[in-house]
Every structure is written in structure tokens, then in C-alpha cells.
Amino acid sequence: MVTEKQWQQKLSGEECPLCDDPSKGMAMVGDLGITCAYLQKSASFRGYCVLVLKRHAVELDDLSTEERSALMEDITRVTSAVRQVCKPRKINYEILGNMVPHVHVHIIPRYEADPAWDRAAWFALPDEASLTDEDYSLLASQMSAAMVG
Ligand SMILES: [Zn+2]
């Protein structure tokens, strides 16, 4: 349970994990307009990226109109790269932030055979298998190249 004081600290950006280390050990595959894209190691949701705003902000209405437009462009660039490289059946977009209140977008490719096709990916993500290091490196370079093109 987060106390109100702890919550206010999180909102202010104090000790914010995404300000401190937005990569969380994941490969950055795109340094975009106002965000950076980090490739997750998920095997079933191959190409899953988290897009992290470069500055601390909590809600979409904390962003300027220009920032919101740029965010949508960044989401679209990641989407195009994921579609080009991974050819998913559908893309899911999720903005949550009650655990980490710093604007970030989960861009989750969905596949017919993924372990939670008919549900939100979160039902399967906690015990999801990881890509091998070799496959992850290859996918990261493919995603980086697609993000530029
Ligand atoms: Zn932050």
C-alpha cells in the first residue's frame, strides 16, 4: 500500500525509476522525438517495446499539445517498426502508470498463438519466457534499423 506522502513523492519524480534508468537493462531501439523505445525480452510477445517519455510527466494533460502530437508520432514509429520486423496480428497500446507514474506506453505485439490472445497480455506476461541473448540482440538490431527507416 502506497501512502499519500509516498504517492506525492512518486508524482513529483522523486526517486522515479524511469528518470533514474529508463532502460531497466533493456536495449534502446529508438531515440525518437520526445521518447526512447526499449525492447523487452518477451518471447511470446516478440517485439514488445516500452516507450518512455524523456522528461518526467505524469498524465497526458501534463504534456503540451506539441508533446502529445510528438508522442503519437513516436508510438506510430514503433508500431511501424514492430509490424515490419515481427509481423504481429495486432498491436496493443497500454498506458497505465499507477505503479510508475511517469508517462510510458507499452506497445505489445499480439499473435494468434500468443498465450493470452483472447485477453490482455498482462495475463501471460508475468511468467513469460525470454528470448535468448542471441535472438534478443538480433531483434534489437532489426528493430533499431526499422525505427530509422
Ligand atoms: Zn520520472
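Me: How are the helices and strands of this predicted model defined, and which pattern does the chain follow when read along the sequence?

Reply: Helices are DSSP runs of H or I with at least four residues, and strands are runs of E with at least two, numbered from the N terminus. In this predicted model, the secondary structure of the chain comes to four helices and five strands. Read along the sequence, these elements follow the pattern α-α-β-β-β-α-β-β-α.

Me: Which element supplies the largest share of the largest nonpolar core?

Reply: The largest nonpolar core holds 27 residues, and those with the most contacts inside it are Cys-49, Leu-51, Val-78 and Ile-107. At least two residues of this core come from each of β2 (35-39), β3 (49-53), α3 (65-86), β5 (104-110) and α4 (133-148). The largest share, six residues, is supplied by α3.

Me: With which residues is Val-78 in contact, leaving aside its neighbours within four places in sequence?

Reply: Val-78 is among the residues with the most contacts inside the largest nonpolar core, as are Cys-49, Leu-51 and Ile-107. Once the neighbours within four places in sequence are left aside, the contacts of Val-78 are Gly-30, Ala-37, Cys-49, Leu-51 and Ile-107.

Me: What radius of gyration does the chain have?

Reply: Along its principal axes, the C-alpha trace of the chain spans about 45 × 35 × 30 Å. Because a compact globule of 149 residues would have a radius of gyration near 15 Å, the value for the chain agrees with that expectation, being 15 Å.

Notes: Residues are numbered from 1 along each chain as its sequence is written. This is a predicted model: local features need pLDDT of at least 70, side-chain atom pairs count only at pLDDT 80 or more; totals for chains, interfaces and linings use all residues. A nonpolar core is a set of buried Ala, Val, Leu, Ile, Met, Phe, Trp, Tyr and Cys residues joined through C-beta atoms within 7 Å. A residue is buried if 20 or more other C-beta atoms lie within 10 Å of its own, exposed if 12 or fewer, and partly exposed in between; C-beta atoms are placed from the backbone. Two residues are in contact if their C-beta atoms, placed from the backbone, lie within 7 Å. The radius of gyration is taken over C-alpha atoms; the globule rule is 2.2 Å times the number of residues to the power 0.38.
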